[in-house]
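Take your time and find each part as we go.

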Amino acid sequence: MKNEDISRRSFLKRLGIGGAVLATPSLVSCGSKDSGYTPEDGPIPTDKMTLRENPNTHDKVSILGYGCMRWPRKTVKNDKGEDEEVLDQDQINKLVAFAMEHGVNYYDTSPAYCRGKSEEATGIALSKHDRKKYYIATKLSNFSPTTWSHEAGVEMFENSLKYLQTDYIDYYLLHCIGQHSQTLDGQPLNGMEALHARFLDNGMLDWCVEQKKKGRIRNLGWSYHGDVEVVDYLLKLHDEGKYHWDFVQIQLNYIDWSHAKEVNEANTDAEYLLGELKKRGIPAVIMEPLLGGRLAKVPEFVAKKMYKMRPNKSIASWAFRYAGTFPETLTVLSGMTYMEHLEDNLRSYCPLEPCTEEEVNMLYQAAVEILKNPFISCTDCKYCMPCPYGIDIPAIFAHYNKCVNDDHYNHTQEDPKYREARRAFLVGYDRSVPKLRQASHCIGCGECKSHCPQSIDIPRELHRIDQYVESLKTKQ
Ligand code: SF4
Ligand code: SF4
């Protein structure tokens, strides 16, 4: 089915959001009480998390999934007496304990997250809880050509089991199919070529299927960024019965629904992706519901509209409710670094109040307004890090996006707002990014570029930001 075949309105109708909230048989709630809870009334309930049923294994999965790629950090002294950033295990344990207590039972990690430390930290935190009470998702994150051999792939899986302190993975993903790559000697590979090199020609996909038969993998799927041909190819294999996909992880939010290409030429509209999964009854795991945090802070007039419709509800809550509204959504991943993120998300999902048609239409109008701003589509995934020259790429893009959002970007000297905007950009830049890690130190080597799932031309954007900073410095 083509993108244009599913009009937004007919899609909403097929969802059953005809001005009323959604009702679906696969949507169940832990609690027996009604859903009249409003978060501002008091503490977050522990028995009202909305659950979705996986049709394959009948797992009852919490609609809020914990994305373990942004665990909190702290600074400690290393053996040489130097400051070193490490994951804050005590805080991670507390976050996981609070999430478990409130019904979050899906934890999504990867060997690539938190510079390779996420699986271990997640495993330590989860090991304090009954293994039967949570689902672990992790990935074959063999991005580097040095990990494309069968042996290296198997080793990655076995290490995941070890770090996560388990003997089976509930949800195992081929990580980032569709993404371009390059061979050890620098030959570029498109999405299909990378799929062959990483998963097919080395027998890793067949090996994963074997592990599923042995019960070491319970559900097998993939996450997607990049060439849509790869999605179509893998779904064709599913249709032909050559492989069975138990779930698929896609990027979905109210901008990417039908504007994905405007954000990033290499992305695909969520409307198409979800439509394809729906046709086949494949549950969707949703990533980037907040588009890397951009939908937590929207332009002021959009925010006003949101507060008018749902007073006292956070801006972020709109994005989470939207992502959970689709019945095909198994779980919505959120990388919750701080307790307030977790609490806010719990308030959105304990239980979920699906968006009405009026609300969804408001969000689609908001998407058009938000897109008028020249954001960089960085989702803070940190796959591009570390830069060998120390550049803090995501922090630079986060500061830039914040200034764009706060209307502190690109004013002419004649504009009365110029001085305020100039000050906010320059002072905020020095506060958020140490001088030695700023864009001016990027040498344009391009090493980071192929790692970015959003296909951002990182050196070009850094150069553009650096030139903008220089122009501000020279024009008072
Ligand atoms: S292009 Fe710039 S940011 Fe990217 S790796 Fe090279 S120096 Fe670092
Ligand atoms: S620039 Fe790309 S790879 Fe780096 S953090 Fe942003 S989205 Fe991720």
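In which sense do strand β12 and strand β13 pair, and over how many bridges? Strand β12 (residues 217-224) and strand β13 (residues 247-251) pair in the parallel sense over three bridges. Two strands pair if DSSP finds at least two bridges between them, and strands (E, at least two residues) and helices (H or I, at least four) are DSSP runs numbered from the N terminus. Look at Gly221, whose bridge partner in β13 is Phe247.

This is a predicted model, in which local features need pLDDT of at least 70, side-chain atom pairs count only at pLDDT 80 or more, and totals for chains, interfaces and linings use all residues. Residues are numbered from 1 along each chain as its sequence is written, chains are lettered from A and ligands numbered from 1 in the order in which they are written, and side-chain values use heavy atoms, leaving out hydrogens and water.

Both strands belong to a closed barrel of eight strands, β4-β7-β8-β9-β12-β13-β14-β15, with parallel pairing. From one strand to the next, the twist averages 25 degrees.

Now for two helices. The axes (lines fitted to C-alpha atoms, for helices over the stretch in contact, with angles from 0 to 180 degrees between N-to-C directions) of α14 and α15 come within 10 Å and cross at roughly 150 degrees. That makes α14 roughly antiparallel to α15 (over 145 degrees). Their contact (heavy atoms within 4.5 Å) is made by these residues:

| Helix | Residues in the contact |
|---|---|
| α14 | Ala395, Ile396, His399, Tyr400, Cys403 |
| α15 | Ala424, Phe425, Gly428, Tyr429, Ser432 |

Terms used: Parallel < 35°, antiparallel > 145°, perpendicular 65-115°, else oblique.
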